Structure formats: structure tokens, C-alpha cells
Number of protein chains: 2
Amino acid sequence: MGDGATIGVDWGTSRFRAYLIGRDGSVLDRRESERGILAVAPGEFPGVLAAAVGDWRRIHPTAPIVACGMVGSRQGWREVPYVACPAGFAEIARRTVAVECPPLGTVRLVPGLACRDDAGIPDVMRGEETQIVGAIDALGSGSHLLVLPGTHSKWATVRDQTIVSFATFMTGELFAVLRDHSILGRLMSRDGFDEAAFARGAAAVAGGGSLLHLLFSARTLGLFDELPAEALESYLSGLLIATEVKDALAATSERPLSVGLVAGAALAPLYARALDRHGVAARDIGEDAAARGLSAIARHLEGSA
Amino acid sequence: MGDGATIGVDWGTSRFRAYLIGRDGSVLDRRESERGILAVAPGEFPGVLAAAVGDWRRIHPTAPIVACGMVGSRQGWREVPYVACPAGFAEIARRTVAVECPPLGTVRLVPGLACRDDAGIPDVMRGEETQIVGAIDALGSGSHLLVLPGTHSKWATVRDQTIVSFATFMTGELFAVLRDHSILGRLMSRDGFDEAAFARGAAAVAGGGSLLHLLFSARTLGLFDELPAEALESYLSGLLIATEVKDALAATSERPLSVGLVAGAALAPLYARALDRHGVAARDIGEDAAARGLSAIARHLEGSA
């Protein structure tokens with residue numbers, strides 16, 4: 001059954017992150033590189049993984065190896081079918097798919113999740129399910145709303161170790177394309193975060209009105225010299241993140257609300273501020289939720305072995 | 001006072017359009033080129049205009065020449081200050097700025113409009129005010145909501161020859177950046193308009209939910225083979241146009257609503273469909289509203305001369 005350690009891999013589109021995780025869930029060592037799945041040719045996955053974590057394997061010869069993220073997509077090592085929500089954590093573990101990695105042994109790929117909203121429109125995640133498992137490992141059972149901000153932010157409702165449903169918001173990608181490719185970017189200079197401008201964007205959203213209209217104010221406030229060029233990016237960020245938070249909270253009937261936030265150091269305070277506007281105090285789970293989730297899935301697997 | 005003809009120019013960022021307009025407002029002749037203001041160097045404006053409409057001038061030596069659009073911006077021939085709303089048509093005419101074009105005589109540049117919403121956020125238009133003047137020339141006095149779809153759609157409330165207020169929606173630009181630069185474009189093939197897919201996008205908006213979330217369905221419906229690649233662009237168009245129409249109608253308290261639509265042949269039927277979902281029958285003013293508005297502004301100028 002091993003020594004309680006887990007070798008966990010969060011293998012996304014553009015990043016490779018590996019964790020050596022101890023029996024108590026703490027991260028003992030970590031590796032990170034640019035070898036996301038887009039930078040790995042078909043057939044190269046075992047070699048890349050062995051090069052990255054081979055030394056851990058020698059010290060922990062029986063530690064389970066679990067990998068989540070786009071490595072389980074059609075463009076990855078092996079396509080792992082989505083599991084439909086509601087999906088229990090044990091089911092997610094059971095639906096992992098084993099691939100052989102000759103120098104290391106068996107690697108289990110975690111499935112992504114799919115769900116449908118009331119109108120029957122599908123939604124998907126791959127990688128975030130593992131962060132959610134890790135976050136719940138930290139928050140305990142009960143009902144929680146989990147927020148995972150990013151290019152495609154995920155909002156998931158979890159009850160007693162079951163992911164009931166979730167929804168994706170394209171906030172991060174919309175921010176990037178508007179800044180880099182629309183007229184809004186022309187007046188912007190990129191000079192870091194401006195807290196007052198972010199708050200002004202969030203306040204504009206709280207005042208109501210259509211996002212399609214509000215976005216244009218990121219141009220006119222610049223044209224009228226009412227926001228300096230270096231503040232416009234933060235203002236746009238405030239518009240978009242506040243819209244996401246407002247709309248996502250409006251869509252949940254869960255009360256009282258326990259909200260967990262799984263974000264890096266850049267986004268966590270922005271989402272915490274936007275949630276605070278609605279009187280919601282989010283618990284910050286931090287970025288290592290994936291490591292914790294990989295370790296929890298390994299324990300589920302060992303428990304059912 | 002001339003023979004009643006007007007030489008009107010709609011001189012935008014990327015297009016130059018000139019109209020010879022008769023006493024009754026009909027377009028007698030037209031010229032169009034790629035010499036938008038971005039393709040005209042400072043100092044070249046008189047020469048470009050004279051080359052385009054010099055022959056009309058010889059036949060109509062005293063016809064007023066009026067130009068609207070970005071030609072009156074800082075990057076154009078001469079910057080014409082915005083007129084603040086509410087702005088009457090006579091005031092717009094009075095606030096035109098004369099520039100000299102030696103081979104032709106005086107050219108009057110039409111000012112753009114500015115307004116502020118209840119939260120004090122500014123909005124601007126340049127060129128659309130002239131289309132609105134032309135549309136009202138067609139619709140008659142009274143209260144009207146005018147829709148001018150495009151890269152930056154404008155919705156304007158007009159009462160008795162006064163533009164009371166307006167709002168910009170970034171619908172067209174958002175559509176373009178999402179199709180050309182986001183993950184949504186990756187599954188799309190561009191095969192013309194798919195009416196059923198447009199309607200499905202509009203129906204998704206009618207069902208409620210956040211636009212930031214709904215946009216992602218333009219990916220997942222493709223991923224799940226529930227919309228073919230060639231339908232995804234029309235679906236995205238339905239999502240965005242229906243959101244604009246829904247939000248803009250929600251923001252107006254004007255009832256009963258007389259809605260005029262100033263759009264080209266590509267967008268007019270899409271907006272008419274989206275408006276029809278809300279029980280609003282829009283009158284289609286057609287694309288020559290700018291010519292009609294330029295002629296009306298010339299008449300205002302002559303009347304006050």
C-alpha cells in the first residue's frame with residue numbers, strides 16, 4: 001500500500017506541475033515546467049514524466065502516481081471520458097484511467113466532469129475537479145460554493161463530497177482578448193494593479209446596466225481623461241470580475257453560503273474584494289488545492305483497492 | 001441659396017462615402033472608397049475630397065458640402081468638439097465647424113455627440129448623430145428609439161428632433177475578437193449564416209443567465225457535437241445580439257415604443273428577429289440614413305443662414 005506518499009501531477013495545456021505529497025497531505029517537493037500538453041508530442045508523455053519525477057519514484061517505489069488536467073483530454077496522453085454531475089469524489093477516483101509509464105509503473109489519469117444546466121446546455125471542466133476535491137479536503141463536508149477563477153472561471157456547488165453542478169465563466173479570456181485585440185487596449189498602458197480603478201469598475205457593475213455597454217466605458221473614461229491610461233486595465237478587470245461574481249451569486253439559491261476560493265496570489269484578492277461587495281466572506285484555499293486533491297484521490301483509490 | 005442639392009460625405013475610420021443628394025432628399029449619385037481617415041495623411045483631406053466630388057461641384061457650384069463621422073475627430077481633418085445631449089438637430093447644425101477646401105469652397109464638419117448616464121459615465125458617437133437626424137427625417141417627430149447596430153452599436157432616444165440620450169454596446173467588436181482571437185473561434189468554420197443556430201443563441205439568452213457563462217456554450221455545444229462547426233458563428237452572433245437587444249430594451253421605459261433600425265442588409269434582419277422576440281416591430285430605415293441626415297443638416301444650415 002506504499003508509505004503514504006503520493007506523486008501528483010497537474011498537467012495542463014501550457015504548464016506541467018508535479019508534487020511529492022506526504023501522508024498528511026503536505027507538499028514535500030515540487031517540480032514545474034513549460035511542458036504543458038501542447039509542448040509534448042504524442043508518445044512523449046512517459047518520457048517527460050519519468051524525467052521530471054524519476055528521482056521521487058526511486059525514493060518512493062510504491063507511491064501511487066495520479067495526474068489530472070488536460071493530460072486526460074483528446075490532445076493529451078489518453079482521453080479519459082467526462083464523468084457526469086452530480087459526481088461523488090469516490091466515483092471520480094473510480095473513473096480514473098490507468099496508463100503505463102514503463103520507467104515508473106502505472107499512472108492514473110483523473111477524468112474531467114461534464115454537466116448540463118436547466119436548459120440542457122453542456123459545460124465541462126478538466127483539472128478543476130481535482131482542485132475541488134482538494135478544497136473540500138480542506139473545508140470539510142457540508143455545502144460549499146467553490147470559485148476557481150481563471151481564463152475560464154469555474155463555480156461549483158459541492159454537497160458532502162459530491163460535485164452537484166458547476167458553471168464556466170469566460171472572464172479571464174474575455175479580459176485578455178479585449179485588452180490585446182479590441183479598441184479598449186489602445187488607450188491602456190500596463191502598469192500593474194490600480195486598486196481604486198478596480199473598485200470603480202466593480203461599482204459601475206453594481207450600479208446595473210448591460211456588460212456590453214459598460215465595457216465601452218473603459219474607452220470613454222480614458223477619452224475624457226477621467227481615468228489615466230495606467231488605470232484602464234484594472235478598471236476593465238473590475239468590470240469583468242464584478243460581473244462574474246454578481247451573476248454567479250445571483251444564480252445560486254444556496255443559503256447560508258460557504259464560499260471557498262481557489263486562486264493564485266494575483267486573482268485571489270480581486271475575487272475576495274468582489275465577493276465582499278455582496279457580503280460574502282470567501283475562505284481562500286490557496287493554490288495547492290490540486291496537490292491536496294491528487295493526494296485525496298490516491299487515498300480513495302487505495303481505500304477501494 | 002443653391003439649387004437645393006447637397007453634397008454629403010460620411011467619412012469614417014475605414015470608409016469614405018459621398019452622396020449627391022437632391023432637393024427631395026433622394027440620392028442622385030454616390031461615390032465610395034477605402035480612403036477612410038486612417039488612409040488619409042494630415043493635409044490630404046482637401047485633395048481627397050476634391051478628387052472624389054469635384055465633378056459634382058462643377059454641376060452644383062453652390063450646393064452646401066457637409067461631412068460627418070471620424071473626419072471631425074482628432075485624427076481627422078479638424079477636431080469638432082462633441083455636443084452634449086440632449087442635443088437638438090438645429091443645435092447640431094449650428095455647431096458644425098467650417099473648414100476650407102480651396103477647389104470646392106467651404107466644407108462643414110458635423111460634431112459628434114456626448115452624453116452621460118445616471119452614474120456619470122460618459123458615452124460618445126461620431127457619425128451616428130447624422131444617421132439619426134436622417135432617420136427622424138423619415139420617421140417624423142414624436143418619441144423614437146433608434147438602433148444603429150455595428151462594431152459599437154448605438155441605441156438613442158429621440159423626442160421631437162432632440163437626441164435625448166444614447167448608449168453604446170460593444171456587440172460587433174466583441175463578436176469579432178471572440179471569433180478571431182478566443183478559444184471559441186477554434187471550433188468554428190465560417191460558412192455563412194445559419195438561421196436556426198442564431199435562433200438557438202437568442203433562445204439561450206431569453207432563458208436567462210450570465211453572458212460570461214453563456215459564451216462558453218459556443219464551445220461546449222461544438223465539443224459535444226450538438227452544433228456543427230459551420231453553425232457556431234451564427235450561434236455566437238445570436239447570443240450577443242439577443243443580449244444587446246434584451247439589455248437595451250430593459251433600460252428604456254419608453255412605452256409605447258417606436259423603434260427604428262438603421263442597418264445594412266447583413267445586420268438588419270438579425271436585429272429585427274431579436275427585437276421581434278420582445279414583441280417589438282422595428283421600422284427598417286435602411287443604410288442611406290446618413291445621406292438623408294447630411295441633407296437635413298444642410299437644410300437646417302440654410303434655414304439659419
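**Salt bridges, burial and fold**

A: Start with R30(A) and D288(A): they form a salt bridge, with the closest N and O atoms 2.7 Å apart. A salt bridge here is a side-chain nitrogen of Lys or Arg within 4 Å of a carboxyl oxygen of Asp or Glu.

Q: Which parts of chain A does that pair tie together?
A: R30(A) is in strand β3 (residues 27-33) and D288(A) is in the loop between β15 (282-284) and α10 (289-304), so the pair ties together parts 258 residues apart in sequence. Helices (H or I, at least four residues) and strands (E, at least two) are DSSP runs, numbered from the N terminus.

Q: Before we go on, what are the ground rules?
A: This is a predicted model: local features need pLDDT of at least 70, side-chain atom pairs count only at pLDDT 80 or more, and totals for chains, interfaces and linings use all residues. Residues are numbered from 1 along each chain as its sequence is written, chains are lettered from A and ligands numbered from 1 in the order in which they are written, and side-chain values use heavy atoms, with hydrogens and water left out.

Q: OK, how exposed is R30(A)?
A: R30(A) is partly exposed, at a relative accessible area of 43%. D288(A) is partly exposed too, at 31%. The cut-offs are under 20% relative accessible area for buried, over 50% for exposed and partly exposed in between (1.4 Å probe, protein chains only).

Q: How many salt bridges are there over all chains?
A: The search of the whole structure finds 32. One network of them links R15(A), R17(A), E32(A) and E34(A).

Q: What does E233(A) pair with?
A: With R179(A), in a salt bridge at 2.9 Å, N to O. That pair links helix α8 of chain A, where E233(A) sits, to helix α4 of chain A, which holds R179(A), and the two residues are 54 apart. E233(A) counts as buried, at 13% relative accessibility.

Q: And what else in α4 of chain A is buried?
A: Helix α4 (residues 171-181) has T171(A), E173(A), L174(A), F175(A), V177(A), L178(A) and R179(A) buried. Those residues pack against β12 (153-159), β13 (162-169), α8 (232-250) and α9 (268-276) of chain A, together with α4 and α6 (211-214) of chain B.

Q: Switching to chain B, where is E173(B)?
A: In helix α4 (residues 171-181) of chain B. E173(B) is buried yet has no salt bridge, and the nearest side chain of opposite charge, R186(A), is 5.8 Å away. Lys and Arg count as positive and Asp and Glu as negative, while His and the chain ends are not counted.

Q: What does E173(B) touch, then?
A: Leaving out residues up to four places away in sequence, E173(B) touches H181(A), S182(A), I183(A), T151(B) and H152(B). Contact means heavy atoms within 4.5 Å.

Q: Zooming out, how many helices and strands are in chain A?
A: Chain A has 10 helices and 15 strands. Its radius of gyration is 21 Å, close to the 19 Å that the globule rule gives for 305 residues, so chain A is as compact as a globular protein of that length. The radius is taken over C-alpha atoms, and the rule is 2.2 Å times the number of residues to the power 0.38.

Q: How much of chain A is buried?
A: 56% of its 305 residues count as buried. W11(A), in strand β1 (residues 6-11), is one of the buried residues, at 0% relative accessibility.
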